[in-house]
Amino acid sequence: MSHSHLELTGVGIDFPTDKGLYRALQNVNLRIDKGEFVSLIGHSGCGKSTVLNIVAGLYQATTGGVILDGREVDEPGPERAVVFQNHSLLPWLSCYQNVELAVRQVFRNSKSRGEMRDWIEHNLELVHMMHAKDKRPSEISGGMKQRIGIARALAMQPKVLLMDEPFGALDALTRAHLQDSLMEIHAELGNTVIMITHDVDEAVLLSDRIVMMSNGPAASVGEILHIQLQRPRERIALAHDARYHEYRAAVLEFLYQKQQRPAA
Amino acid sequence: MSNPSVATPITETLKTARSSALLKRWAPPLILPLLGIIGFLLCWQLVANNIQTSLGQFPGPVQVSEQFSGLVSAHLREREKARVFYERQDTRNAALLAKNPDAEVKVRPYTGKPTFVQQIFTSLYTVMAGFAIASLIAIPLGIVCGLSKTIYTAINPLIQVFKPVSPLAWLPLVTMLVSALYVSDDPLFAKSFLTSAITVALCCLWPTVINTTVGVASIEQDLNNVSKVLSLSPLSHVRRIVLPAAVPMIFTGLRMSLGTGWMVLIAAEMLAQNPGLGKFIWDEFQNGSASSLGRIMVAVIVIGLIGFALDRLMLLLQRQFSWDKNAVLR
């Protein structure tokens, strides 16, 4: 039997509604290797977030299951850190304290106070936020908040980093900066990442694989696209790369021809 | 060269500009409320002059202020009397001890009638005790109700039924319970104090319970998810996420509770003849002298001012404790 790092097998989920059970996902199968960067893309409502929440353990799959490093996922935990779409920092804590909360929780038995401080500062440096470490979330911009959210997730030293449209609420320029930062961090740490996105360029630029999801109800994995672009990737160089445009076209074709929304 | 015929108008203009700026700056916060108060006092005096009661003319602001200084000087006289009493007692005891070191000396407390000022402090002390009891029960109860829909559904009907009960309905029960259960030869607290404090607690429990419940139940799902991903224990979930997130609502509840408590206390003291401002009012009413109505009016105003001060105090605390410094608090 092969040992994938993260394995989703026959995952399906039902939600109770007024009209009975609604089958949101059906038979989602996915194998992700260690260090791989996988994007989930699809129309809104196709269950991308649901897949992520099942991997995070926030939802329980009705059928099938998730196995991470040979263990079944049945509850949320810091080894599957989540970067939430709207950052979800605790507004009463400073940036440093927000990261500290996570670090204390994960490393309370394995790191000393000094080591924890160094580790928190290291992670803040990774996302280039040391200058604002004592500011409250309300005092920094949306992009900065998302950087702190990423630092908090990275500081948990997760086996898998789950990102739920992390840059969806940001302007294009800030988004590009954060994408570059994320590529840098991924190159340095080699985390396994699952990212949900709406943005075709973002998916092609960042991913090793793009998982394109079919529309719900009973959404599932439609096609999987391997992005075989050399790393490190440079967005300006890629703009002139024919393969980049082919990948882009393939995703667009899937989204807008094969999976056209009946009433978009 | 200066030209006086030009310079004068400029300074004049500046002067008017300055005074109008001053007016604009201070009119809303200071001058308008002052105008309101003056207008009220004038109306009051006017109306009071035309009302005759069996206890004489209804007191206007002038008579009330006279009664106020009378009450204060009565308090000072009483304090002086107490001081003299203790001085006399001390010298007498010292003399006794000088004669015979083994002599048994008696120290008796001064037993004067409590003055208006002492009644104020009794009331404040009682309301704070009742409020503290209520808060200690209400905040944890509210948190539990906010966290668990099951418990909330079970307890909510009880809250809704007990919330509108008047303090005066509780009072006889509380009085009987306290005299039945609090039996002690050397009581730490007076029974009357306990009765008032518990009645206050029973009535000012509810705003805090309800507001805390709402505050806790309306915590963003994302923050709860953060807590789940971090695998926080239930206790640190409450301490790290729930309490700080609900602090603004908890304080809103506490402020309403303290306001309710203060109103309830006066009524309870009046009915139960427990020491405090309520008893002062009742005593004056029974007394029925020409100055009684004026004194009661003094008490009314003092009760209002203290209620206002308590509310400001809570607001100050709320500002201190709340993380959201941008929130508009009023």
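Here is a short chat about the domains and the nonpolar core of this predicted model.

Reader: Hi! Which domains is chain A divided into?
Author: This is a predicted model. In it, chain A has domain 1, made of 1-79 + 161-169 + 194-264, and domain 2, covering 80-157.

Reader: And how many Å apart are the centres of those two?
Author: Their C-alpha centres lie 26 Å apart. As for contact, 16 residues of domain 1 of chain A meet 13 residues of domain 2 of chain A.

Reader: Which element gives the most to the domain 1 side there?
Author: Strand 7 of chain A does, with four residues. Helix 1 (48-56) and strand 7 (160-164) are the elements that give two or more residues to that side.

Reader: What's that side like by class?
Author: The domain 1 side in chain A has 10 nonpolar, three polar and three charged residues.

Reader: OK, switching to chain B. What are its domains?
Author: The assignment gives domain 1 (57-113) and domain 2 (115-320). Their C-alpha centres lie 33 Å apart. The contact takes 10 residues from domain 1 of chain B and nine from domain 2 of chain B. On the domain 1 side, six are nonpolar, three polar and one charged.

Reader: Now the largest nonpolar core: which residues touch the most other members?
Author: Out of 131 residues, they are A:Val55, A:Val99, A:Leu162, A:Ile194, A:Val251 and B:Val200. Helix 8 (residues 234-272) of chain B gives the most to this core, with 15 residues.

Reader: What does A:Val251 touch?
Author: Leaving out residues up to four places away in sequence, A:Val251 touches A:Ile41, A:Val200, A:Ala203, A:Val204, A:Ile210, A:Met212 and A:Leu225.

Notes. Residues are numbered from 1 along each chain as its sequence is written. Chains are lettered from A and ligands numbered from 1 in the order in which they are written. This is a predicted model: local features need pLDDT of at least 70, side-chain atom pairs count only at pLDDT 80 or more; totals for chains, interfaces and linings use all residues. Domain bounds come from an automatic or database domain assignment. Two residues are in contact if their C-beta atoms, placed from the backbone, lie within 7 Å. Ala, Val, Leu, Ile, Met, Phe, Trp, Tyr, Cys and Pro count as nonpolar, Asp, Glu, Lys and Arg as charged, and the others, Gly among them, as polar. A nonpolar core is a set of buried Ala, Val, Leu, Ile, Met, Phe, Trp, Tyr and Cys residues joined through C-beta atoms within 7 Å. A residue is buried if 20 or more other C-beta atoms lie within 10 Å of its own, exposed if 12 or fewer, and partly exposed in between; C-beta atoms are placed from the backbone.
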